[in-house]
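Hello,

Here is the structure I promised to pass on to you. Please open it beside this email and follow along as you read.

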Amino acid sequence: MARAGKPKLAVWKFTSCDGCQLSLLDCEDELLEIAGQVQIAKFVEASSAAIRGPYDLSLVEGSITTPDQAEQIRQVRRQSRALVTIGACATAGGIQALRNFRNVPEFIAAVYARPEYISTLSTSSAIADHVRVDFELRGCPINRHQLLEVIAAFINRRRPALPNYSVCMECKRRGTVCVMVAKKIPCLGPLTHSGCGAICPAYGRGCYGCYGPAQTVNAKALADAWEAAGASKIEMHRVLRSFNANAAEFRSAAETLDENG
Amino acid sequence: MQGERLGIGGAVVIQSGALDELIKVLAAEGYKVIGPTISDGAIVYDEIRQAAQLPIGWTDLQQAGSYQLQRRQDAAVFGFAVGPHSWKKFLHVPVLRLWRAQRQSDGSIGAATDPHPASKFAFIGVRSCELHAIAIQDQVLIGGTCKDPHYAARRDGVFMVAVNCTSAGGTCFCVSMGTGPRAEAGFDLALTELLDDGHHEFLVESASARGAEVIRQVANRPAQPHHRQAAAQASARAAAQMGRQLDTAGVRELLLGNLEHPRWDEVAARCLACGNCTMVCPTCFCTTVEDHSDLANGVAERVRTWDSCYTLEFSHLHGGSVRSSIRSRYRQWLTHKLATWWDQFGTSGCVGCGRCITWCPVGIDLTEEVSAIRNNQPRHGRPLFSVPSPQGKGEGEV
């Protein structure tokens with residue numbers, strides 16, 4: 001039985017693959033520590049037992065894609081002292097936000113035998129488009145060390161130490177040789193939010209932007225450099241149109257590439 | 001074969017094969033030996049245990065935003081320019097825990113710092129521009145009243161084996177900055193690779209007692225005048241091959257007198273503000289600290305990491321970032337490097353190594369930027385562009 005005064009943690013899921021919630025279960029050793037410091041009041045992925053709100057900290061996974069979800073997230077917000085989104089879906093709309101650039105009724109008509117049974121929104125949107133969000137944790141999926149930092153920060157009422165500069169900073173700190181400069185591999189790292197620890201370039205491939213836009217995004221400059229390195233603007237467009245396609249900076253960068261053919 | 005007794009300022013010649021002995025002598029003296037080696041398609045600095053790990057027979061082709069390894073026709077050991085790493089990786093480390101505090105069972109708090117590295121470094125293959133860069137970081141980090149104890153501990157007693165460049169890279173401009181290609185000071189031993197007509201040897205000049213002591217343990221023979229002559233010629237050859245030039249005449253006044261020059265907008269359109277130039281720069285020293293605590297608030301630690309003036313947080317004051325535009329951040333970096341560094345530390349902040357040019361993903365070249373501003377100056381008393389008065393507010397950014 002949790003002692004009184006222990007902060008109550010809830011984990012919520014909207015439209016998503018569950019991978020970010022799994023990062024919490026992946027914490028393994030630290031999970032016991034988390035359980036010692038917070039009362040895990042609602043976490044369906046881990047236990048069907050649920051304790052009623054309000055909650056001190058709500059971790060929200062997934063994007064809003066149905067009218068019901070748009071209502072439900074408001075209820076979650078009302079029950080939560082702090083609300084933190086986890087992952088690209090909750091923070092930017094996720095891969096499913098590709099629907100935002102297409103005709104959703106056409107998809108439904110093509111896929112479902114009885115389209116009238118389907119109730120969905122024409123867009124997949126970030127949680128922050130619907131309610132106030134206290135912190136957005138990036139990544140597809142999130143990094144569990146960053147998740148622990150966020151939980152520790154909110155429990156202890158301090159600011160999470162999670163920088164929002166480019167992946168390049170992480171690459172250089174770990175001594176990785178720039179794949180763009182040395183191997184002419186197209187890399188989205190200069191536009192992408194740090195946090196993963198610059199995993200992909202360390203394995204000789206380009207960053208594909210799963211942490212979404214960094215604090216400063218000069219997409220045109222990078223697109224020109226990709227082109228000079230032999231990568232077409234179509235390739236850049238494809239990379240921008242992935243897990244964070246609906247993040248404002250990536251969306252407008254892709255639209256600019258559209259306009260310029 | 002035992003050579004002559006070598007004093008400070010003396011020189012001997014060693015065969016290329018004797019580099020392995022040199023590495024082993026240094027290791028036997030207790031040094032952690034760091035040198036150039038190939039990794040991930042580039043020549044980087046890492047721990048080496050034998051000469052075979054050196055980039056023998058390789059060179060690098062460098063241009064703005066481009067770096068490629070290429071096989072040489074010969075077996076030159078140091079036949080390349082500088083790569084993406086600099087020695088600050090070891091002296092002014094990218095990530096450092098400054099202290100760790102833990103709540104004790106009696107409720108008190110105990111704080112501890114991590115121990116400094118147990119062994120001293122020996123750096124092999126330090127170029128003249130890099131010796132200058134280390135001297136600049138010495139000045140910044142331990143030359144003033146507030147000394148960085150972590151840098152001091154790593155810097156103390158480093159055994160420096162310099163290498164005089166015998167060729168220059170595509171983005172090199174040490175001649176412009178007066179920092180090379182020949183090492184003049186700050187080393188224990190300086191090697192010049194002499195490679196022709198089937199000979200492959202090194203002129204080794206000793207600049208310290210311990211340098212002489214170390215090289216005495218390596219098979220050597222006395223240097224002859226023709227060796228010194230060949231070394232001087234090789235340095236002259238490198239000096240004539242500089243891939244870039246920077247006209248430094250009045251560059252401080254040039255830049256500070258053109259803070260509103262339209263070229264800053266032009267370069268800002270190309271700049272990613274990714275921070276790569278500052279990370280690879282051997283003199284850039286800025287850091288930030290991050291504080292972390294564990295879930296139970298029982299352990300707290302402060303971590304220092306390399307920072308960059310290209311991040312928004314770097315100039316974050318109450319209410320937001322002072323340098324919100326890329327233009328203001330690029331201008332801050334370049335004017336600090338080439339102009340206000342003089343005011344602050346009495347030297348230029350640039351040593352002409354060319355790393356910021358090569359490792360910029362979009363190939364921005366500071367020598368081009370300076371020359372664009374220089375060549376587009378107010379002439380004949382009629383300014384081409386308006387230059388604000390010293391009190392001018394510009395666009396509200398620093």
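Let's begin in a loop: A:P141 sits between β5 (135–137) and α6 (144–155) of chain A. Helices here are DSSP runs of H or I with at least four residues, strands are runs of E with at least two, and both are numbered from the N terminus. A cis peptide bond links A:C140 to A:P141, with omega about 0°. Another cis peptide bond, also with omega about 0°, joins A:G53 and A:P54, and A:P54 lies in the loop between β2 (39–43) and β3 (55–61) of chain A. You will find A:A198 between α8 (179–183) and α9 (199–202) of chain A.

A word on the ground rules. This is a predicted model, where local features need pLDDT of at least 70 and side-chain atom pairs count only at pLDDT 80 or more, while totals for chains, interfaces and linings use all residues. Residues are numbered from 1 along each chain as its sequence is written, chains are lettered from A and ligands numbered from 1 in the order in which they are written, and side-chain values use heavy atoms, leaving out hydrogens and water.

Now for the place where the chains meet. Chain B gives 46 residues to the contact and chain A gives 36 residues, contact meaning heavy atoms within 4.5 Å. Together they bury about 3200 Å², 58% of it on carbon and sulfur atoms; buried area is the accessible area (1.4 Å probe) that two parts lose on being put together, summed over both. B:D40, B:L272 and B:L295 supply 23% of the area that chain B buries against chain A, more than any other three residues.

How many salt bridges cross the interface of chain B and chain A? The rule finds zero there, a salt bridge being a side-chain nitrogen of Lys or Arg within 4 Å of a carboxyl oxygen of Asp or Glu. Over all chains, the count comes to 38 salt bridges. One of them joins the side chains of B:K120 and B:D156 (3.0 Å, N to O). This pair links distant parts of the chain, 36 residues apart: B:K120 is in the loop between β7 (109–112) and β8 (121–126) of chain B, and B:D156 is in the loop between α4 (149–155) and β9 (159–164) of chain B.

Finally, find two helices in chain B. The axes of α9 (residues 263–270) and α11 (residues 326–345) of chain B come within 8 Å and cross at roughly 110°. Axes are lines fitted to C-alpha atoms, for helices over the stretch in contact, with angles from 0 to 180 degrees between N-to-C directions.

Happy exploring!
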